Amino acid sequence: MDTASALSTTYLSVQDMVQLVQRKGLPACIAGIARRIEADFLRWPEFDKTARVAAHSAHGVIELMPIADATQFAFKYVNGHPLNTRSGLPTVMAFGLLADVATGAPRLLSELTITTAIRTAAMSALAARVLARPGSRVMALIGNGAQSEFQALAFRDLVGITTLRLFDTDPLATAKLVANLAGQGLQLQVCASTAEAVRGADVVTTVTADKTQATILTPDMLAPGMHLNAVGGDCPGKTELHRGVLEQAAVFVEFEPQSRIEGEIQQMPADFPVTEFWQVLAGRQPGRRSPQQVTVFDSVGFALEDYSALCFLQEAAAELGIGSTVDLVPKQADPKNLFGLATGAVPAASGARGLEGQHGGGQVFQGGAHRLEDGAAPAGARQAIALAA
């Protein structure tokens, strides 16, 4: 591979992602990402894993989620600001990157706001397919905001859910969900409370946004054999389940060190027993032990799921010819003469657009010193952030 090719980065904008979803179909995207997540979870020991880095504020959180195997490094930038919708902004905004481990060259820069909703739903349905009772057909969906339709369709396709019992404290959110799911082959039942919605449900999915230690589900709402998919509690100080629910259930998590800090189990003692989901997939630990057992998937979102999603996007974009090329790294005839390139004393490498190209360049790592040069963010990165917002 020549230098220009090695340093080229594929860029998937929001518009590119919409086109990708429309051309492949949302069910195919959900199923494809779920398959990729399952395959990557089955090689869990191959990944260098860490809990995400978070910057918390009074009304939200901004997080970086890194992970790598021997060949590729991935990270996601994502926020969670529940009050954003009051200003017309999304609660969640995200973008991410894939890079070659061997060289550090960035190969894919993508929107991940839409993708996060798809991969979260894919992960939820994958866990339920393994942990819920066979033949589960009725799901209560508590929280009918931006991610709810994706959850509904993932459970329809991957688990076999046919009936949704819906509740949200905002009736307009439920009305939006009902309108969006019209004609999707699901029986929709609008309920007046969480307690009413969970009554008779095989699966309960909670996907609420408030950054508070809430008790959306309490022990008196449980029925033997329920599977609970707790999605909304995903940072310190944010929960959805009463601790008594956890005490009555078998609890499964993604990456235990992260879930202890951010998940529903942050309420519990450090020795509260949980099982990492990959061990169930690999046959190292049992999942559901009986039809009567209550199971909980304490979903906080883990970087490996975003790695899987980015790999899926990379392959799908190449297959469909979607995306553009952005210069995030200078292409130099002499890689040691960064100063000459920056001052215009030497030209960029042959075939490279250089810093004056369509997407720009600018902020680079100086080889050897490993420090970020001062200056503005790359134009491509600014564009990605603007589109993700």
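Student: What share of the contacts in the protein chain with a separation of 6 or more comes from residues 24 or more positions apart?
Tutor: Such residues account for 69% of them, a contact being heavy atoms within 4.5 Å. The model is predicted: local features need pLDDT of at least 70, side-chain atom pairs count only at pLDDT 80 or more, and totals for chains, interfaces and linings use all residues. Residues are numbered from 1 along each chain as its sequence is written, and side-chain values use heavy atoms, leaving out hydrogens and water.

Student: Why does Glu305 count as buried?
Tutor: Buried means under 20% relative accessible area (exposed is over 50%, partly exposed in between, with a 1.4 Å probe and protein chains only). Glu305 has 1% relative accessibility, so it counts as buried. Across the protein chain, buried residues make up 53% of the 389 residues.

Student: What makes the link between the side chains of Glu305 and Arg119 a polar contact?
Tutor: The definition asks for a pair of N or O atoms within 3.5 Å; within protein, one must be able to donate a hydrogen and the other to accept it, and residues adjacent in sequence count only if both atoms are side-chain atoms. The Glu305 and Arg119 side chains make theirs at 3.4 Å. Glu305 also touches Phe41, among others.

Student: Which residues have the most contacts inside the largest nonpolar core?
Tutor: Phe41 and Phe277, in a core of 72 residues. Such a core is a set of buried Ala, Val, Leu, Ile, Met, Phe, Trp, Tyr and Cys residues joined through side-chain atoms within 4.5 Å. Its largest share, eleven residues, comes from helix α11 (residues 303-320). Helices (H or I, at least four residues) and strands (E, at least two) are DSSP runs, numbered from the N terminus.

Student: Why are α3 and α11 called oblique to each other?
Tutor: Helix α3 (residues 26-41) packs against α11 at about 125°, with axes 9 Å apart. Axes are lines fitted to C-alpha atoms, for helices over the stretch in contact, and angles run from 0 to 180 degrees between N-to-C directions. Under 35 degrees is roughly parallel, over 145 roughly antiparallel, 65 to 115 roughly perpendicular, and the rest oblique. The pair is therefore oblique. Phe41 of α3 and Glu305 of α11 are among the residues making the contact.

Student: How do you know that helix α5 is largely enclosed by the rest of the structure?
Tutor: Ten of the eleven residues of α5 (residues 148-158) are buried, so the helix is largely enclosed. Among them are Phe150, Leu153 and Arg156.

Terms used
Lists of a residue's contacts leave out its neighbours within four places in sequence.
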